[in-house]
Amino acid sequence: MGFTKTYATAEAALRAQAHHAWLDRLGVPVPRLHGRRGRHRLDLLFEALPDRHIGPGDLPETARLLGQAHAAAYRDSLHRARLDQPFPLPGVGTLEPFTTPRIARVQKLLDAGTVPEPAFTSDQAARVITTAAGEPAAFYKDANPRNFLITQAGIAVIDFDDLTLAPFGYDLAKLILTTAMTHGPLPGPLTAATLNSYNQAVPHPCSADRLNDWLEIHHILTSPYLGRHGYIHGWHTLRPTETRTR
């Protein structure tokens, strides 16, 4: 038996299928696609995989996998991308730009006053995101613990529904933050080892300060899901005391 992913529209399913094929071509370990069924609401049928998701101890290895995926995508095509512009990928579709959509999202959340103890004001968050416009492009695939599985062959990626452009280190920050929100505080040496493992795999390393920027941006964007999807710890209770604010 395999597992099935159901999509509300055929367009969404075909987009996920195209992303899956691209990641597979890049060498990212994804489950084999056995086929699809339906017309208006398409199901994608995948091979069966073990159901143990990654935990804190798996972070360095997962970060290395993520870095290898980002490096492969950069070499393949994303070296031509700009983070403030859509980027068309032949046979895959257009990847959404990083800057403008996220500025709108973080400002909406911050202006609503619903983010617990944000490190940035609305204007500060916008400046942080804007400064990434000239950085080299990787991609964002919502790296959280539920989107990786431990298999006999190693770690597999099971989410490929929505891909966007993002700077190097941004998806790594999502991985670190959501693992902490799921499991509780992470030891400082583990976070440092995770960042180091990622940086050894990518052509454009992410500094510790830049990682902190992206952790705080993800805190804003993930705050609506606190108490859902296994996120039981708020980043405002987890962030290291030495983390700077602007």
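This is a predicted model: local features need pLDDT of at least 70, side-chain atom pairs count only at pLDDT 80 or more; totals for chains, interfaces and linings use all residues.

Reader: Which residues have the most contacts inside the largest nonpolar core?

Author: In soluble globular proteins, nonpolar side chains tend to be buried together. Here the largest nonpolar core has 78 residues, and those with the most contacts inside it are Trp 22, Leu 78, Leu 172, Trp 214 and Ile 217. Setting aside neighbours within four places in sequence, Ile 217 is in contact with Val 106, Phe 120, Ala 125, Val 128, Ile 129 and Tyr 170.

Reader: How many salt bridges does the count come to?

Author: Side chains of opposite charge can pair when their charged atoms come close. The count comes to twelve salt bridges. One of them joins Asp 84 to Arg 82, with the closest N and O atoms 2.8 Å apart. Asp 84 is partly exposed at 28% relative accessibility, and Arg 82 is partly exposed at 40%.

Reader: Where do Arg 210 and Asp 213 lie, and how are they separated?

Author: Both belong to helix H7 (residues 208-222); because they are three residues apart there, about one helical turn separates them. Arg 210 is buried, with a relative accessible area of 14%, as is Asp 213, at 3%.

Reader: Which parts of the chain does the pair of Arg 239 and Glu 216 link?

Author: The side chains of Arg 239 and Glu 216 meet in a salt bridge at 2.8 Å, N to O. This pair links distant parts of the chain, 23 residues apart: Arg 239 is in the segment after H7, and Glu 216 is in helix H7. Arg 239 is buried at 18% relative accessible area, and Glu 216 is buried at 2%.

Conventions: Residues are numbered from 1 along each chain as its sequence is written. Side-chain values use heavy atoms; hydrogens and water are left out. A nonpolar core is a set of buried Ala, Val, Leu, Ile, Met, Phe, Trp, Tyr and Cys residues joined through side-chain atoms within 4.5 Å. Buried means under 20% relative accessible area, exposed over 50%, partly exposed in between (1.4 Å probe, protein chains only). Contact means heavy atoms within 4.5 Å. A salt bridge is a side-chain nitrogen of Lys or Arg within 4 Å of a carboxyl oxygen of Asp or Glu. Helices (H or I, at least four residues) and strands (E, at least two) are DSSP runs, numbered from the N terminus.
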